Amino acid sequence: MMDRDDATHSSEAQSSAAHGGLMDAIYRNQRHIYDATRKYYLLGRDRLIADLDAPDGGTVLEAACGTGRNLVVAARRYPRARFYGFDISEEMLKQARRNIDRAGLSDRITVAQGDATDFDPQALFGVAGFDRIFISYSLSMIPPWRAAIAEALAHVAPGGSLHVVDFGQQERLPGWFRAGLHAWLAKFHVAPRADLEAVLREAAEAAGATPSFGALHRDYARYGVIRR
Ligand SMILES: C[S@@+](CC[C@H](N)C(=O)[O-])C[C@H]1O[C@@H](n2cnc3c(N)ncnc32)[C@H](O)[C@@H]1O
């Protein structure tokens with residue numbers, strides 16, 4: 001019998017183009033209400049941004065940047081860093097470009113289309129590596145999410161860090177809440193990754209880097225940092 005994770009692995013064969021098409025279909029209409037609604041349940045994003053501590057003149061990448069909401073908040077917080085983001089969905093990127101333009105940050109934030117499981121930052125942005133890379137509430141939507149962690153870590157510059165926030169397992173919240181949340185998220189092709197901590201720790205060990213990990217809001221969300 002296949003468990004949830006085996007099922008996820010079997011769908012990892014889905015092509016990048018097909019997955020991008022699925023994301024476009026999910027977000028074609030949602031993108032207009034995304035920022036207004038997600039602020040109530042994508043918890044921990046601002047904590048991640050506060051912890052980035054982006055250095056002056058440094059480079060920061062968000063893999064799977066969606067509407068660009070995080071990039072805009074981060075660029076305001078770290079006015080002397082340069083920001084980059086990519087997403088597999090052109091629909092989300094339309095919204096990101098609009099949001100970045102409205103914020104007057106087009107000269108400091110560059111976005112492009114790319115797949116988090118296999119991206120070339122030199123080709124996308126003319127940048128070899130980044131001082132900070134972050135992935136926010138996207139590993140739960142990327143079937144080969146382990147590959148996305150390895151790929152991101154490979155593009156963190158020496159001395160830099162990878163920051164991740166995503167849904168937890170709600171272990172310290174009522175069972176009915178967890179069951180309801182997971183059923184609702186599944187409708188949007190979102191699967192909280194129960195072994196996120198183990199996979200981040202393995203990736204850190206393989207890279208000779210230092211991991212730290214924690215739960216937020218009674219395990220509503222989980223949060224990890226790998227420092228190279
Ligand atoms: C829930 S949204 C999160 C957006 C943003 N990071 C945030 O915190 O608001 C998930 C995003 O992941 C993107 N995505 C899914 N699979 C991807 C992949 N393989 N590569 C790049 N982006 C991907 C989706 O298009 C979507 O924009």
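Which residues in α2 are buried? His 19, Gly 20, Met 23, Asp 24, Ile 26 and Tyr 27 are, where buried means under 20% relative accessible area, exposed means over 50% and partly exposed is in between, with a 1.4 Å probe and protein chains only.

Before I go on, the ground rules. This is a predicted model, in which local features need pLDDT of at least 70 and side-chain atom pairs count only at pLDDT 80 or more, while totals for chains, interfaces and linings use all residues. Residues are numbered from 1 along each chain as its sequence is written, and side-chain values use heavy atoms, with hydrogens and water left out. Helices (H or I, at least four residues) and strands (E, at least two) are DSSP runs, numbered from the N terminus.

Back to α2. This helix covers residues 16-30. Its 15 residues reach 21 Å from the first C-alpha to the last, close to the 21 Å expected at 1.5 Å a residue; the expected span is 1.5 Å times one less than the number of residues. There is a bend of about 25 degrees at Asp 24, the bend being the angle between axes fitted to the seven residues ending there and the seven starting there. Asp 24 is also on the buried list.

What covers the buried residues of α2? The cover includes α3 (34-38) and α6. Take α6, residues 90-102. The axes of α2 and α6 come within 7 Å and cross at roughly 40 degrees. Axes here are lines fitted to C-alpha atoms, for helices over the stretch in contact, and angles run from 0 to 180 degrees between N-to-C directions. The two helices are therefore oblique to each other; under 35 degrees counts as roughly parallel, over 145 as roughly antiparallel, 65 to 115 as roughly perpendicular, and the rest as oblique.

Which residues meet there? From α2 they are Asp 24, Tyr 27 and Arg 28, and from α6 they are Glu 90, Glu 91 and Met 92. Contact means heavy atoms within 4.5 Å. By class, this contact has two nonpolar, no polar and four charged residues. For the classes, Ala, Val, Leu, Ile, Met, Phe, Trp, Tyr, Cys and Pro count as nonpolar, Asp, Glu, Lys and Arg as charged, and the others, Gly among them, as polar.

α6 has 13 residues, which should span 18 Å at 1.5 Å a residue, and its end C-alpha atoms are 18 Å apart, which agrees. Its buried residues are Glu 91, Met 92, Leu 93, Gln 95, Ala 96, Asn 99 and Ile 100. Their cover includes α2, α3, α5, β2 and β3.

Ala 74 has a relative accessible area of 0%. Leaving aside neighbours within four places in sequence, Ala 74 is in contact with Ile 49 and Phe 83. Ala 74 and Glu 91 are 17 residues apart in sequence and 22 Å apart in space, C-alpha to C-alpha.

Now to β4, and Ile 135 in that strand. Ile 135 is buried at 2% relative accessibility. Its contacts, beyond neighbours within four places in sequence, are Leu 48, Ala 63, Ala 148, Ala 152, Leu 162, His 163, Val 164 and Val 165. From Ile 135 to Arg 178 is 43 residues in sequence and 23 Å in space, C-alpha to C-alpha.

Next, the loops. Tyr 137 lies between β4 and α8 and is buried, with a relative accessible area of 6%. Its phi is near 50 degrees, a positive value in a residue other than glycine. His 189, in the loop between α9 (175-186) and α10 (196-206), has a phi near 65 degrees, again positive in a residue other than glycine. His 189 is partly exposed at 42% relative accessibility.

Phe 188 lies in the loop between α9 and α10 and is partly exposed at 25%. Where does Phe 188 make contact, neighbours within four places in sequence aside? With Ile 26 and Met 141. Ile 26 is one of the buried residues of α2. The C-alpha atoms of Phe 188 and Met 141 are separated by 8.5 Å, at 47 residues apart along the chain.
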